[in-house]
Amino acid sequence: VQLVESGGGSVQPGGSLSVSCAASGNIKSIAYTGWYRQAPGKQRELVAHITGGGSTNYVDSVKGRFTISRDNAKNRVYLQMNGLKAEDTAVYYCYAVITPINGITRAYWGQGTQVIVSS
């Protein structure tokens, strides 16, 4: 099982970016999934997560600007980021709690994708 992120990049303040994450491998089910981020010199923080049923949760600093969604059929999770601010600059990591076929349930992480918000 692996998670592969795509998207991200550089944008000016107020702009938009999206990141996506695809899970692949012998997957039986994916429970909840979402995104963390880590800015230079700071601890990794949860940005948003979404359950299998579609319930979402966001860190206060991104509420109203970011939207998380998932495609269960494609084993993908997306993060649409609007109204980006300089403080959103970070490496964004996808994670998912996955039950593999013939395996134990645990958390998996992507390799991270850089988001830079700068004028």
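For the classes used below, Ala, Val, Leu, Ile, Met, Phe, Trp, Tyr, Cys and Pro count as nonpolar, Asp, Glu, Lys and Arg as charged, and the others, Gly among them, as polar. The model is predicted: local features need pLDDT of at least 70, side-chain atom pairs count only at pLDDT 80 or more, and totals for chains, interfaces and linings use all residues. Residues are numbered from 1 along each chain as its sequence is written, and side-chain values use heavy atoms, with hydrogens and water left out.

By these classes, seven nonpolar, three polar and three charged residues make up the lining of the largest cavity. A cavity is a set of points, on a 1 Å grid over the protein atoms alone, where a 1.4 Å probe fits but cannot get out, and lining residues have an atom within 4 Å of a point. Of its 13 lining residues, Ile 30, Thr 33, Asn 75, Arg 76 and Val 77 lie nearest the centre. Strands 3, 4, 7, 8 and 9 each give two or more residues to this lining; strands (E, at least two residues) are DSSP runs numbered from the N terminus.

The largest nonpolar core comprises 29 residues, and Trp 35, Phe 66, Leu 79, Met 81 and Tyr 92 have the most contacts inside it. Such a core is a set of buried Ala, Val, Leu, Ile, Met, Phe, Trp, Tyr and Cys residues joined through side-chain atoms within 4.5 Å; buried means under 20% relative accessible area, exposed over 50%, and partly exposed in between (1.4 Å probe, protein chains only). Strand 9 provides the largest share of this core, five residues. Beyond its neighbours within four places in sequence, Leu 79 is in contact (heavy atoms within 4.5 Å) with residues including Trp 35, Val 47, Phe 66 and Tyr 92.

Four aromatic pairs were counted, where rings of Phe, Tyr and Trp (its six-membered ring) pair if their centres lie within 6.5 Å, and planes under 30 degrees apart count as stacked, over 60 as edge-to-face and the rest as tilted. Tyr 36 and Tyr 95 form an edge-to-face pair, 5.2 Å centre to centre with 70 degrees between the planes. Because Tyr 36 lies in strand 4 and Tyr 95 in strand 9, this pair ties together parts that are 59 residues apart in sequence. Tyr 36 is partly exposed at 23% relative accessible area, whereas Tyr 95 is buried at 6%.

Conventions
Helices (H or I, at least four residues) and strands (E, at least two) are DSSP runs, numbered from the N terminus. On a 1 Å grid over the protein atoms alone, a cavity is a set of points where a 1.4 Å probe fits but cannot get out, and a pocket is an open set with protein on both sides within 12 Å along at least five of seven lines; lining residues have an atom within 4 Å of a point.
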